[in-house]
Amino acid sequence: GYVAVVGASRLSRDFGALVNEVNARQRQPLSFDAAWDRDGHPQNIYCRSDHYHYARYGIPVVFLFTGLHGDYHQVTDEPQYINYPNYARITNYVHDLVLAAAERPSRFALSVPKPDPNGTCRQ
């Protein structure tokens with residue numbers, strides 16, 4: 001049930017709260033790890049993720065992943081290494097999160113000023 005969670009509260013505390021609330025309502029809540037999201041993390045995952053291309057325009061994002069490994073983004077990164085039961089839990093959670101976000105009557109309020117889309121990202 002391990003999932004690294006990156007960026008959920010960086011732009012909107014309301015969005016970050018929803019990310020946690022939806023997880024708490026799961027039959028088996030996922031074990032969230034926010035260590036990858038801390039400021040100054042040497043991997044700089046927040047700024048390197050595809051998700052940041054939305055965040056830089058003020059769109060709240062969450063990047064969920066199960067960690068890095070030696071085969072990450074290599075030709076040897078093959079499907080037999082996927083933990084399918086855990087993957088199913090994560091995808092069901094994402095489904096519930098998207099529905100909860102879509103059912104909100106308004107957009108998420110930003111908790112910080114909208115970033116400069118052409119500025120430098122610093123985690």
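Q: Where is F32?
A: F32 is in strand β2. Helices (H or I, at least four residues) and strands (E, at least two) are DSSP runs, numbered from the N terminus. The model is predicted, so local features need pLDDT of at least 70 and side-chain atom pairs count only at pLDDT 80 or more, while totals for chains, interfaces and linings use all residues. Residues are numbered from 1 along each chain as its sequence is written, and side-chain values use heavy atoms, with hydrogens and water left out.

Q: Which residues does F32 touch?
A: Not counting residues up to four places away in sequence, F32 touches V3, V5, V19, N20, N23 and Y93. Contact means heavy atoms within 4.5 Å.

Q: And is F32 buried, exposed or partly exposed?
A: F32 has a relative accessible area of 24%, so F32 is partly exposed. Buried means under 20% relative accessible area, exposed over 50%, and partly exposed in between (1.4 Å probe, protein chains only).

Q: How far is F32 from E103?
A: Their C-alpha atoms are separated by 23 Å, and F32 and E103 are 71 residues apart along the chain.

Q: Switching to helices. At what angle do α1 and α4 cross?
A: Roughly 125°, and the axes of α1 and α4 (residues 84-102) come within 10 Å. Axes are lines fitted to C-alpha atoms, for helices over the stretch in contact, and angles run from 0 to 180 degrees between N-to-C directions.

Q: What does that make α1 relative to α4?
A: Because of that angle, α1 is oblique to α4. Angles under 35 degrees count as roughly parallel, over 145 as roughly antiparallel, 65 to 115 as roughly perpendicular and the rest as oblique.

Q: Which residues meet there?
A: From α1, L18, V19, V22 and N23 meet Y93, D96, L97, A100 and A101 in α4. By class, this contact of α1 with α4 has seven nonpolar, one polar and one charged residues. Ala, Val, Leu, Ile, Met, Phe, Trp, Tyr, Cys and Pro count as nonpolar, Asp, Glu, Lys and Arg as charged, and the others, Gly among them, as polar.

Q: What is the phi of N44?
A: About 50°, a positive value, although N44 is not a glycine. N44 is in the loop between β2 (31-33) and α2 (45-48), and is partly exposed, with a relative accessible area of 25%.

Q: Last one: D50, buried or exposed?
A: D50 counts as exposed, at 62% relative accessibility, and is found in the loop between α2 and α3 (52-55).
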